[in-house]
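Subject: Handover of a structure, with notes

Dear colleague,

Please find below the structure that I am handing over to you.

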Amino acid sequence: MKALREAGATVVDAFGELPDAVAKILKQMKGQSLMSEADKNAVWNTAVTRIEPNRVAVRGYDIAELMGRVSFGAAVYLILTGELPSDAIGRLMDGILVASIDHGATPPSALAARTVASTGASLSASVAAGIMSINRHHGGAIEDCARQLKKIADRATTESISMDEVAARTLAAMKEAGDRMPGFGHRYHTKDPRTARLFELAREAGVDGAHMKAARAAEKSFADAKKALPINVDGAIGAILADLGMNPAAFNGIFMIARTPGLVAHVIEEQTREKPMRRIDPVNHGYDGPASRSILDEAPNTKIQAPGKLQ
């Protein structure tokens, strides 16, 4: 309260003082409206970004002030939630975006983008084709997994039983119904290398809520049933974003945001390196990019080089 007063804010000591404080402020304003003429005449409103001459404000923050001071992950968190994250959660959001930036040329989104690009379509059309292929079974597991984990966590609370017990019952019921638990197992990885790092970043940010606990309980249930299905990157992201309190409706969108740079890279490579209208083999392809290297070996003196011509 002392800090607020020193900053020039009007602070009341009791709720009963609030009406007089509001009346005093209104008198000081002499009838001046808090809304601009444009706001008063608006047909509809948005709470995302305000555009004024020579100023862009995202969720109230001047975009020029954000530039160079806020990471892209933190900016994504801001525009989706309305508030800036802590530094640790900003790093966690960065980790989530990096984790999903690409997964090679075999995912449906990459194949769709490359196929459309091979017809001579524009970059925007080709990338759009890749984005449109992100659905329930590709990228959509993030939201679906988060909702299933919430059911497990809620049931454990309402029925006063352990998370492990609820997870076991839930997975048994899903198996009997012929359903699969989204966010677990992977068509290529027996242990997704991205999951452990995301959980590490989450712990550093103090994030370990009911959804992450439910995810670990489900993983344990699979292991106890002698059918090891570890948490994959989609499940990890779903659990973390849910524990951050973000809206599940945005989860698949976050995957789209992350995957877009990868799709752009695939489209440009297809357009500049391959013949038009080729028959794209979805599996049998090689890799001839840079050899394996580690940023840990280069830190802390890693230098960012200017990009050369894309091959």
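The notes below describe the sheet, several helices, a pocket and some single residues.

This is a predicted model, in which local features need pLDDT of at least 70, side-chain atom pairs count only at pLDDT 80 or more, and totals for chains, interfaces and linings use all residues. Residues are numbered from 1 along each chain as its sequence is written, and side-chain values use heavy atoms, with hydrogens and water left out.

The sheet

Helices (H or I, at least four residues) and strands (E, at least two) are DSSP runs, numbered from the N terminus. Two strands are said to pair if DSSP finds at least two bridges between them. By this rule there is an open sheet of three strands, in the order E1-E2-E3, with antiparallel pairing. E1 and E3 stand at the edges and have a single partner strand each, so one side of each is left without a neighbour in the sheet.

Strand E1 (residues 49–52) pairs with strand E2 (residues 55–58) over four bridges. Ile51 has Val56 of E2 as its bridge partner, and Glu52 stands opposite Arg55 in E2. The hairpin of E1 and E2 has two residues between the strands. Asn54 lies in the loop between E1 and E2, and its phi is near 70 degrees, a positive value in a residue other than glycine. Residues are called buried under 20% relative accessible area, exposed over 50%, and partly exposed in between (1.4 Å probe, protein chains only). Asn54 has 85% relative accessibility and therefore counts as exposed.

E2 is joined to strand E3 (residues 61–62) by two bridges, and these strands also run antiparallel. Here Val58 stands opposite Tyr61 in E3. E2 and E3 form a hairpin with two residues between them, and Arg59 in the turn has a positive phi of about 50 degrees.

Helices

The expected span of a helix is 1.5 Å times one less than its number of residues. Helix H2 (residues 18–29) has 12 residues and reaches 17 Å from its first C-alpha to its last, close to the 16 Å expected. Of the 12 residues of H2, the number buried is one, so H2 lies largely in the open. After H2 comes Lys30, with a positive phi near 55 degrees.

Helix H6 (residues 87–99) has 13 residues, which should span 18 Å; its end C-alpha atoms are 18 Å apart, which agrees. Among the buried residues of H6 are Ile89, Leu92, Met93, Ile96 and Leu97. Contact means heavy atoms within 4.5 Å. The buried residues of H6 pack against helix H5 (72–81), helix H11 (193–204), H13 and H14.

Arg114 belongs to helix H7 (residues 108–117). Is this residue, Arg114, buried or exposed? Arg114 counts as buried, because its relative accessibility is 5%. Leaving aside residues up to four places away in sequence, Arg114 touches Ala105, His266, Glu269, Glu270, Arg278 and Ile280.

The second largest pocket

Rolling a probe the size of a water molecule over the atoms shows where empty space is left. On a 1 Å grid over the protein atoms alone, a cavity is a set of points where a 1.4 Å probe fits but cannot get out, and a pocket is an open set with protein on both sides within 12 Å along at least five of seven lines; lining residues have an atom within 4 Å of a point.

The second largest pocket is lined by 36 residues, of which Arg180, Met181, Pro182, Gly183 and Phe184 lie nearest its centre. The elements that give two or more residues to this lining are helix H9 (141–158), helix H10 (163–176), helix H12 (210–224), helix H13 (233–243) and helix H14 (251–273). H10 provides the largest share of the lining, five residues.

Two loop residues

Met277 is found in the loop between H14 and helix H15 (295–298). Met277 is not a glycine, yet its phi is positive, about 55 degrees. Its relative accessible area is 64%, so Met277 is exposed. Gly206 lies in the loop between H11 and H12, and Gly206 also counts as exposed, at 64% relative accessibility. The C-alpha atoms of Gly206 and Met277 are separated by 50 Å, and the two residues are 71 residues apart along the chain.

Yours sincerely
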